[in-house]
Amino acid sequence: MPQPQPDVIPVPLDFPVNWKHPDEKQLLWTQDRLHCPDAMTPLDFSFIQIIDGGIDKAAQVYDIPIVTYDRHINSYLYIAVVPQESSPDEMAAQAQRSEEKLKDAMGNLGELWEKEWLPEIQQCMVYFEEYDLRGAHIPALLEHLNETERRLHRVWEIHFLLIIPTMLAISEFADMYQDLFSDASEFDAYELLAGFENRTVESGQLLWKLSRKALASPTLRQVFAENPASNVIAKLSESADGKAFLAELNGYLELYGHRADKITLNYPCWIENPTPVIKNLQDYIAQPERDLLAEMEKIAARREQRIEEVREQLQGYPQPIVQQFEFFLEAAQVGNILKEDHGHWIDFKVFYQTRQILLEIGRRLAEAGIIDVRDDVFYLYLNELKEVVARQAGDQELHS
């Protein structure tokens, strides 16, 4: 006789979980190891909630019947994506609406990004960059924090308005390619999406050029070869060649240094701590000479050749199939570019600006003796941080 199955997955004794509501025990919770594999600070989790709220807002726009829940369990991020049930007729109608909206977005990804979403993000960046964090009093910083939260809700809605049809377009194209050419490997479809410029490629190419300049100078080559990455910048500042190279490196960091090796607010970006960039330069310097532009041109030429070959193979197919293939090909190509470009603006630049706001508040709280050091600010949840800053603001107004 089979044993009855438990209603919930048992929780290990050494990993206790306190649920906010008993029904949460029934949900399928998954640790988000892709984006947040490490333990997460409370403030990082608060902003992850804003990010995941963007999923729900975009899902509403595209009529996708899901709701996302997240929990900070023993310092790790867990997510549950819950389908929203309705009658069979309503589900069918909603599926039809969703398909039409997503197809429309896939067919207009480039235009939506260039004419609507990117300009809105750039306006948000201007707001962050022009705000005088150091000059603002605590009451003004509290208002700025609230306004930042409001803007982040919209930025991450844009993120998922873009990324959902982007990833769907790439997935649909790969699936269709495999259906049409059953003998193809699972990687063949992606050859038709390769060789396009994007922000990630530009960043790598510029860093490679910097490595060639370092390699061409005996002074610079010696500094990079004989010092650990953490000491390289100090050593570069000791020579004329090194100072000139540092100026170029700082120019690179101004363009592409608003990212970190980890996507967390409590982790410094490259522009704050360039050690990861120095390590990359050291690796590049050790590599033999390459012509990255020629390599990209070769990949692009191969892509166009393969597209022509595939189009010849499709000549005997019904026209609707060919049109559908061309639709998904174009959408996937644009999506593959935007998959990288959106990260430059949202995942990196917006994250960096958000971090600067929190660091400034942390600095003020440390100076006031409320926390021990600036970075302790990350161990408050956002609502707790607001309460602390509000008390400080009230004290300042009381004594002004």
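## The loop between S2 and S3

Ser75 lies in the loop between S2 and S3. These labels count from the N terminus, and helices (H or I, at least four residues) and strands (E, at least two) are DSSP runs. The model is predicted: local features need pLDDT of at least 70, side-chain atom pairs count only at pLDDT 80 or more, and totals for chains, interfaces and linings use all residues. Residues are numbered from 1 along each chain as its sequence is written, and side-chain values use heavy atoms, with hydrogens and water left out.

Phi of Ser75 is positive, near 80°, in a residue other than glycine. Ser75 is partly exposed, at 26% relative accessible area. Here buried means under 20% relative accessible area, exposed means over 50%, and partly exposed is in between (1.4 Å probe, protein chains only). Asn74 sits in the loop between S2 and strand S3 (76–83). Asn74 is not glycine, yet its phi is positive too, near 50°. With a relative accessible area of 35%, Asn74 is partly exposed.

## The chain as a whole

The chain holds twelve helices and three strands. Its C-alpha trace spans about 75 × 65 × 50 Å along the principal axes. Of the 400 residues in the chain, 44% are buried.

Contact means heavy atoms within 4.5 Å. Take the contacts in the chain with a separation of 6 or more: residues 24 or more positions apart account for 72% of them.

## His72 in strand S2

His72 belongs to strand S2 (residues 66–73). His72 is buried, and its relative accessible area is 18%. Its side chain makes a polar contact with the side chain of Tyr381, at 2.8 Å. A polar contact is a pair of N or O atoms within 3.5 Å; within protein, one must be able to donate a hydrogen and the other to accept it, and residues adjacent in sequence count only if both atoms are side-chain atoms.

The side chain of His72 also reaches the backbone oxygen of Met40, at 2.8 Å. Set aside the neighbours within four places in sequence, and His72 is in contact with Met40, Thr41, Pro42, Phe45 and Tyr381.

## Helix H1

Helix H1 covers residues 42–61, which is 20 residues.

Of the 20 residues of H1, 15 are buried, so the helix is largely enclosed by the rest of the structure. Asp63 follows H1 and has a positive phi, near 55°.

## Helix H6 and its two partners

Helix H5 (residues 199–216) and helix H6 (residues 218–226) have axes that come within 5 Å and cross at roughly 105°. H5 is therefore roughly perpendicular to H6. Axes are lines fitted to C-alpha atoms, for helices over the stretch in contact, and angles run from 0 to 180 degrees between N-to-C directions. Angles under 35 degrees count as roughly parallel, over 145 as roughly antiparallel, 65 to 115 as roughly perpendicular and the rest as oblique. On the H5 side, the residues that meet H6 are Lys213, Ala214, Leu215 and Ala216. They meet Pro218, Leu220, Arg221 and Phe224 in H6.

H6 also meets helix H8 (residues 240–256): the two axes come within 8 Å and cross at roughly 75°. H6 and H8 are therefore roughly perpendicular to each other. Thr219, Leu220 and Phe224 of H6 make this contact with Asp241, Gly242 and Phe245 of H8.

## Thr166 in helix H4

Thr166 is placed in helix H4 (residues 138–180). Is Thr166 buried or exposed? It is buried, with a relative accessible area of 0%.

Leaving aside neighbours within four places in sequence, Thr166 is in contact with Leu109, Gly335 and Lys339. Thr166 and Leu255 are 89 residues apart along the chain, and their C-alpha atoms are separated by 25 Å.

## Cysteines

A disulfide is a covalent bond between the sulfur atoms of two cysteines. Here the cut-off is a pair of cysteine sulfur atoms within 2.5 Å. How many disulfides does a search of the whole structure find? The search finds zero.

Cys124 is buried, at 4% relative accessibility. Its closest cysteine sulfur is in Cys269, 16 Å away, too far for a bond. Cys269 is buried as well, at 5% relative accessibility. For Cys269, the closest cysteine sulfur is in Cys36, and that distance of 15 Å is too far for a bond.

Key: Expected span 1.5 Å × (residues − 1).
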